Amino acid sequence: MEIEEIVEMDEKHFMNVYSGRYPLYVEKAEGIKLYSKDGKVYRDFLAGIGVNALGYSNQRFKEALKDQIDKIIHCSNLYYIEPQAELEKKLCQNSCYDRVFFANSGSEANEGALKLARKYFKKKGTNKFETITADKSFHGRTMSTVTATGQDKYKKPFTPLPEGFSTVPFNDLEALKEAVTEKTAAIMLEPVQGEGGIYPAAKEYLEGVRELCDQEDILLIFDEVQCGMGRTGELFAYQNYGVEADIISLAKALGGGVPIGAFMAKEEVAAAFEPGDHGTTFGGNPLATRAASEVMDIMLEPGFLDSVKEKGAYLRSELDKLVAENDNLVETRGKGLMLALEVGGSLSAKEITNQLFERGFLVNAVKETTLRFLPPLVVEKEDMDLLVKNIEEIIRAE
Ligand SMILES: Cc1ncc(COP(=O)(O)O)c(C=O)c1O
């Protein structure tokens with residue numbers, strides 16, 4: 001199909017929610033490179049928004065998927081599914097959680113986590129149903145998760161919103177304490193906020209939140225949809241903090257590109273769900289769980305997660321050098337390969353993103369002043385050097 005034809009069809013038929021797509025007509029991809037139909041090549045420092053952790057076209061991953069396609073792609077959750085059982089075991093053995101439920105996306109995983117928290121307190125015979133979240137958070141696009149999200153722009157168009165949600169400033173324990181009422185069932189936080197601008201939680205903050213939850217009989221939910229699955233250099237972001245939530249949600253990198261979400265919980269909390277309380281048609285199907293199982297095996301190979309830490313530290317230090325040299329750069333933030341560069345003065349993150357695109361690099365501006373980097377975890381030093389060199393040139397020319 002010609003490029004013009006693709007654009008015309010898309011503009012005519014697709015709902016108008018991604019205004020102004022970039023002129024990249026994805027044809028194929030390999031490693032961290034995306035190949036466009038117009039012959040241009042792009043180094044991807046966004047990884048499908050944190051999804052393609054293994055990069056593109058990983059041979060081992062593809063072979064596992066092909067093998068699974070030959071066996072079975074989908075069957076219902078009325079039957080036992082071998083790859084699902086294997087993934088359950090791997091997730092539980094490598095985390096502090098005892099049980100897992102599979103969904104299809106991050107929003108859906110969070111939706112399930114919120115339902116589990118409500119059911120937990122309903123079963124206890126209490127009237128706790130409210131959830132407190134943090135400003136700048138992002139939890140999804142369903143009605144509950146958009147309401148949980150601490151950014152007005154996502155929810156304003158959809159009022160009236162479901163009841164039972166409130167938002168407090170992030171990393172502010174006192175504000176959280178003040179917001180707790182006898183109806184608070186859950187506190188939901190991203191250990192490293194993603195869409196809001198890459199803001200890591202402070203260790204003392206998460207420790208304080210855990211203590212508060214224990215004192216007040218509140219469930220702590222960690223949304224690790226973006227920061228989980230190796231992104232920070234640990235398999236799960238909470239492992240950087242030594243603080244365990246009662247429920248955790250995952251998606252994005254979990255399936256390495258095949259859609260899958262999950263939420264996990266400790267036994268006592270998970271036990272609140274009884275037959276009929278929750279379910280899904282697609283969630284946990286053989287193809288998606290086989291994909292996630294292979295992703296986990298690769299991430300758990302010796303050295304993989306350490307290399308994420310090393311690469312993250314390297315990219316950050318190179319960006320820090322730029323910050324030190326340029327008055328219009330404010331700071332770097334993040335953990336592992338989940339990084340942000342904050343720009344100031346006359347610089348615009350959107351403009352830098354556009355210029356990087358012209359030069360064959362994909363990043364994104366989560367805010368007018370924030371560039372976000374979520375490269376595949378297999379990114380190489382040479383790729384990072386090229387990216388930083390190009391950012392430097394663009395900024396110098398401004
Ligand atoms: C932290 C977090 N939670 C939830 C979601 C929603 O995930 P999905 O788009 O898969 O529904 C996202 C998506 O960006 C996210 O970053």
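## Basis of the description

Residues are numbered from 1 along each chain as its sequence is written, and side-chain values use heavy atoms, with hydrogens and water left out. Because the model is predicted, local features need pLDDT of at least 70 and side-chain atom pairs count only at pLDDT 80 or more, while totals for chains, interfaces and linings use all residues.

## The ligand and its shell

The ligand has 13 residues around it, and Gly106, Ser107, Asp223, Gln226 and Lys252 come nearest. A residue is near a molecule if one of its heavy atoms lies within 4 Å of it. By type, the shell holds two nonpolar, seven polar and four charged residues. Here Ala, Val, Leu, Ile, Met, Phe, Trp, Tyr, Cys and Pro count as nonpolar, Asp, Glu, Lys and Arg as charged, and the others, Gly among them, as polar. Helix α5 (residues 106–123) supplies the largest share of the shell, three residues. Helices (H or I, at least four residues) and strands (E, at least two) are DSSP runs, numbered from the N terminus.

A polar backbone atom of Gly106 is 2.8 Å from a ligand oxygen. For the side chain of Ser107, the distance from an N or O atom to a ligand oxygen is 2.5 Å, and for that of Glu195 it is 3.4 Å. On its own the ligand has 390 Å² of accessible area, and the protein covers 84% of this. Accessible areas come from the Shrake-Rupley method with a 1.4 Å probe.

## The second largest pocket

The second largest pocket has a volume of about 600 Å³, taken as the space filled by probe spheres set on the grid points, which are joined across faces, edges and corners. A pocket is an open set of points on a 1 Å grid over the protein atoms alone, where a 1.4 Å probe fits, with protein on both sides within 12 Å along at least five of seven lines; lining residues have an atom within 4 Å of a point.

The lining has 24 residues, and Arg99, Val100, Phe101, Phe102 and Phe273 lie nearest the centre of the pocket. Strand β4 gives the most, four residues.

## A strand pair

Strands β16 (residues 364–367) and β17 (residues 370–373) run antiparallel and are joined by three bridges. Two strands pair if DSSP finds at least two bridges between them. The hairpin from β16 to β17 passes through two residues. Lys367 has Thr370 in β17 as its bridge partner.

## Two backbone details

Most residues other than glycine have a negative phi, and most peptide bonds are trans. Lys136 is not a glycine but has a positive phi of about 70 degrees. The peptide bond from Thr159 to Pro160 is cis, with omega near -5 degrees.

Definitions and conventions. A polar contact is a pair of N or O atoms within 3.5 Å; within protein, one must be able to donate a hydrogen and the other to accept it, and residues adjacent in sequence count only if both atoms are side-chain atoms.
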